[in-house]
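Colleague: I am new to this structure and would like a close look at a single part of it. Could you take me through that part slowly, and then follow the contacts that lead on from there?

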Amino acid sequence: MNMIEAINSAHDVMMERDPNTVVLGEDVGYFGGVFRATANLQKKYGKSRVFDTPIAEGGIVGTAIGMATYGLRPVAEIQFADYIYPGFDQIVSEAARIRYRTAGEWTVPLTIRTPYGGGIFGGQTHSQSPEALFAHVAGLKVVVPSNPYDAKGLLIASIEDNDPVVFFEPKRIYNGPFDGFYERPVTPWAKHPKAEVPEDYYTVPLGKAEVVREGEAVTILAYGTMVHVALATAEAEGIDAEVIDLRTIVPVDIDTIEASVKKTGRCVVVHEATRTAGFGAELSALVQERCFYHLEAPVQRVTGFDTPYPHSLEWAYFPGPVRLGQALKKTLED
């Protein structure tokens, strides 16, 4: 499966297992979603469980919160992460707080799916990476898969979770593991082992990172598309880097991070979002707190720049192999 097919399969499995699972969003019904992640679900489960909404993200999230507090497990699709801001108040002021506001009497088992990130020439209105905004809010979980196998397992785990989850999908890798070398063809998922996705139910636990490449010289912390950029860069530069796919940034798997950095003594963080107060800042602080006496060099961050995402300078903005390679070399030389 590619990642879209894996996400569709996760919906299908959960709707089959749990009649309380419902899907809502713009064009998720007959059309099957802007990227076809909900294709054929309405035909199989009916309009009462898979239904279209008006173009009103605040209404989508607010409606889904009400459904969740009454016992359903809604999966709301926001077509692009760039459009999530009209629903921001509902997510951070309502969904994230209801468990605390009611002393645990009510919960919000709501999953909000949204494609994010660049590399598709979507410009500043279709390329943003706002995950740090949601990672900052107590009461939310934030998930970012990097491959079809994890996407299905993590989405099922998110739907089963009793707290609200914001599920960011790196749309640049929907069809293949893009590695940042934009001038060469992208390999399709069909040739990647992580595309071997079971048709049936399984989960990938939230909050558990994966060491996707073992190494001794430096630790690279990445999630989403950047996992593949990190792997390709380490290979291209011939650097013995250990690459960690965080999978979930809230809760983050600090134990796996700590063990790796204490082994390598060096750490580089890479993400697509803007640099200032991006999630890389949190990771850098955690590594400094937990691994200070083991560090051989300062923690490096490779990120987007502090500007709106530029259409004409996409590959200059995108934290690809050139910039990551430079950071790795600097870290090893320090």
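Modeller: Let us begin with the right-handed β-α-β unit made by strand β11, helix α10 and strand β12, where right-handed says that, with the strands pointing away from the viewer, the path from the first strand over the helix to the second runs clockwise. The model is a predicted one, in which local features need pLDDT of at least 70 and side-chain atom pairs count only at pLDDT 80 or more, while totals for chains, interfaces and linings use all residues. Residues are numbered from 1 along each chain as its sequence is written, and side-chain values use heavy atoms, with hydrogens and water left out. Helices (H or I, at least four residues) and strands (E, at least two) are DSSP runs, numbered from the N terminus.

Within the unit, β11 covers residues 267-274, helix α10 covers residues 279-291, and β12 covers residues 300-304. The two strands pair in the parallel sense over 4 bridges, pairing being assigned if DSSP finds at least two bridges between strands, and valine 269 stands opposite arginine 301 in β12. Strand β12 is mostly covered, as 4 of its 5 residues are buried; buried means under 20% relative accessible area, exposed over 50%, and partly exposed in between (1.4 Å probe, protein chains only).

Arginine 290 is partly exposed at 38% relative accessibility, whereas glutamate 258 is buried, with a relative accessible area of 15%.

The loop between β10 (248-250) and α9 (254-264) holds aspartate 253, which forms a salt bridge with lysine 208, their closest N and O atoms being 3.8 Å apart. Lysine 208 lies in the loop between β6 (165-170) and β7 (210-213), 45 residues away from its partner. Here aspartate 253 is buried, at 7% relative accessible area, while lysine 208 is partly exposed at 41%.

The structure holds 20 salt bridges, and those that share partners join Arg99, Lys141, Asp161 and Asp163 into one network.

Notes:
A salt bridge is a side-chain nitrogen of Lys or Arg within 4 Å of a carboxyl oxygen of Asp or Glu.
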